[in-house]
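Subject: Structure for you to look at

Hello,

Here is the structure I promised to pass on. Please open it and keep it beside you while you read my notes.

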Amino acid sequence: MTERIHEFLRRREDDGPCLVVDLEVVRDNYRAFASALPDTRVFYAVKANPSPEVLTLLAGLGSCFDTASITEIESVLAAGATPDRISFGNTIKKERDIARAFALGVRLFAVDSKAEVEKIARAAPGARVFCRFLFDCAGAEWPLSRKFGCDLPMAVDVLEHAHRLGLEAHGVSFHVGSQQRRTQAWDQALKSAAAIFRACAERGVQLTMVNLGGGFPTRYLKEVPTVKAYGNSIFRALRKHFGNAIPETIIEPGRGMVGNAGVIEAEVVLVSRKSESDNVRWVYLDIGKFGGLAETMDESIRYPIRTSRDGGEAGPCVLAGPTCDSMDVLYEKTPYELPISLEIGDKVLIEGTGAYTATYASVGFNGFAPLKAFHI
Ligand SMILES: *Cc1c(COP(=O)(O)O)cnc(C)c1O
């Protein structure tokens, strides 16, 4: 947690859980990506934290943006970015939204099927498309499913189809899985990317761009490699698979851009046990899965939690949210160690929460307000 967030929370008087994001950390993260991969354009994945403050900061620093909807595109334009810095990166788009994006000036679209290519050929004639291919996300703590992407032979067909329909078959994309802690994960994906480039060239379709996706981690409980280490590993893989013909590249960091910039302050509502002999306490916070901590699903993301009583003796706790849905348990399979002296009314700080939190909060399930967010 930064000194600026600490100061902000010390002066805060309102009630309820809140997220505080330090924009100086976001600025440092952007610069780290830009310098670790100097020949790669950065397309910030807007969904990670779409607040106007973050978008305005990044637009000012020269970032491009990966968007998934017209609302995200409009937010990015409102933040001062021009449409040539926007990619419509969702492979699942309504044709009228494609037309809307095209009218707003967007010219770069993701696809993973011929049906989507046909929509784009009709609604955004002449635009650039890149095809997402399926990739096994081993090593990622928040793996992405088979929802996006197609296999390699189909990717070649999809790109050739785009070319035939008058679109610019620009390149390929993949995502190595979010919170990817293996810097080598990009190597296998770039091998596949190069194979698609060769197969397309044999059919007379010259690709020029590889979208390296997101996946760059935030430090939670476990140590993660530096952005520089990812940059080096990616550059080596590009050389290995593309030789001297290194393509144009872009990255789409979401979590890695904003995750470590945010802290949630929450309050202990109840500490109890299920029986007198139980040695595991239940600690209920005023924030849970529906208040912004949805990424604790399957206990995938384990946030660092600090209390004012750290340092003393600790014991295992089941950590849960305040709502009446029994799903609203954060950590139970692997209990969380918290101080024995923790009491009702104590404040806790949940770190690394700048990404995928505020917009994951429900609009008011059980009467609990969406997570308040402050960007300072
Ligand atoms: C969500 C998303 C990202 C960002 O992923 P992170 O793991 O948060 O970096 C990048 N690209 C696409 C297409 C996405 O959907």
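First, a term. Buried means under 20% relative accessible area, exposed means over 50%, and partly exposed is in between (1.4 Å probe, protein chains only). By that rule Arg 4 is partly exposed, at 32% relative accessible area.

Now the ground rules. This is a predicted model, so local features need pLDDT of at least 70 and side-chain atom pairs count only at pLDDT 80 or more, while totals for chains, interfaces and linings use all residues. Residues are numbered from 1 along each chain as its sequence is written, and side-chain values use heavy atoms, with hydrogens and water left out.

**Salt bridges**

A salt bridge is a side-chain nitrogen of Lys or Arg within 4 Å of a carboxyl oxygen of Asp or Glu. The structure holds 23 of them.

Start with Arg 4. Its salt-bridge partner is Asp 22, and the closest N and O atoms are 2.4 Å apart. Arg 4 sits in helix α1 (residues 3-11) and Asp 22 in the loop between β1 (18-21) and α2 (23-36), so the pair ties together parts that are 18 residues apart in sequence. Helices (H or I, at least four residues) and strands (E, at least two) are DSSP runs, numbered from the N terminus. Asp 22 is buried, with a relative accessible area of 2%.

Next, Glu 116 and Lys 93. They form a salt bridge with closest N and O atoms 3.1 Å apart. Glu 116 lies in helix α6 (residues 114-123) and Lys 93 in the loop between β4 (86-88) and α5 (95-103), so this pair ties together parts that are 23 residues apart in sequence. Both Glu 116 and Lys 93 are buried.

Shared partners join Arg 12, Asp 14, Glu 265 and Lys 372 through salt bridges. Within it, Arg 12 and Asp 14 meet at 2.7 Å, N to O. Arg 12 is buried at 14% relative accessible area, and Asp 14 is partly exposed at 34%.

**The nonpolar core**

A nonpolar core is a set of buried Ala, Val, Leu, Ile, Met, Phe, Trp, Tyr and Cys residues joined through side-chain atoms within 4.5 Å. The largest one has 99 residues. Tyr 44, Phe 109, Trp 186, Leu 190 and Ile 350 have the most contacts inside it. Helix α8 (residues 185-202) gives the most to this core, with nine residues. Domain 1 (89-253) and domain 2 (260-375) both give residues, so the core lies between them. A second, separate core has seven residues, including Cys 64 and Ile 250.

His 241 belongs to helix α9 (residues 227-242). It counts as buried because its relative accessibility is 17%. Contact means heavy atoms within 4.5 Å. Leaving aside neighbours within four places in sequence, His 241 is in contact with Asp 187, Leu 190, Lys 191, Ala 194 and Arg 198.

**Between the domains**

The domain bounds come from an automatic or database domain assignment. The C-alpha centres of domain 1 and domain 2 lie 36 Å apart. Six residues from domain 1 and twelve residues from domain 2 make the contact. About 850 Å² is buried between the two domains, and carbon and sulfur atoms give 66% of it. Buried area is the accessible area (1.4 Å probe) that two parts lose on being put together, summed over both. Across this interface the rule finds zero salt bridges.

Best wishes
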